[in-house]
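Please look over the model shown here, with attention to aromatic contacts, overall dimensions and surface.

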Amino acid sequence: MNVPTDINSYVRVLKFATTPAWEEFSRVALIAGAGIALVGTIGFLMFVLMSYLPGGV
């Protein structure tokens, strides 16, 4: 691992990085929230289904 080369690569990436506009941030947050809600809903439905099956938790 070549530390000076790695640090230069990280600095180069950070120079190109910009703060997202509010519209872009809110869209990403909405999509991430929808994904979290979807996974939570699927997990809850699996829990309910397994609770009512014989031998469930």
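**Aromatic pair and chain overview**

The count comes to one aromatic pair, where rings of Phe, Tyr and Trp (its six-membered ring) pair if their centres lie within 6.5 Å, and planes under 30 degrees apart count as stacked, over 60 as edge-to-face and the rest as tilted. The pair is tilted, because the rings of Trp22 and Phe25 have their centres 5.6 Å apart and their planes at 40°. This is a predicted model, in which local features need pLDDT of at least 70, side-chain atom pairs count only at pLDDT 80 or more, and totals for chains, interfaces and linings use all residues. Residues are numbered from 1 along each chain as its sequence is written, and side-chain values use heavy atoms, with hydrogens and water left out.

**Setting of the pair**
- Trp22 and Phe25 are three residues apart in helix H2 (residues 22–52), and so are separated by about one helical turn; helices (H or I, at least four residues) and strands (E, at least two) are DSSP runs, numbered from the N terminus.
- Trp22 is exposed, with a relative accessible area of 65%, whereas Phe25 counts as partly exposed at 45% (buried means under 20%, exposed over 50%, partly exposed in between, with a 1.4 Å probe and protein chains only).

**Overall form**
- The secondary structure of the chain consists of two helices and zero strands.
- The C-alpha trace spans about 60 × 35 × 10 Å along its principal axes.
- Buried residues make up 0% of the 57 residues in the chain.

**Helix H1**
- Tyr10 lies in helix H1 (residues 3–16) and is exposed, with a relative accessible area of 55%.
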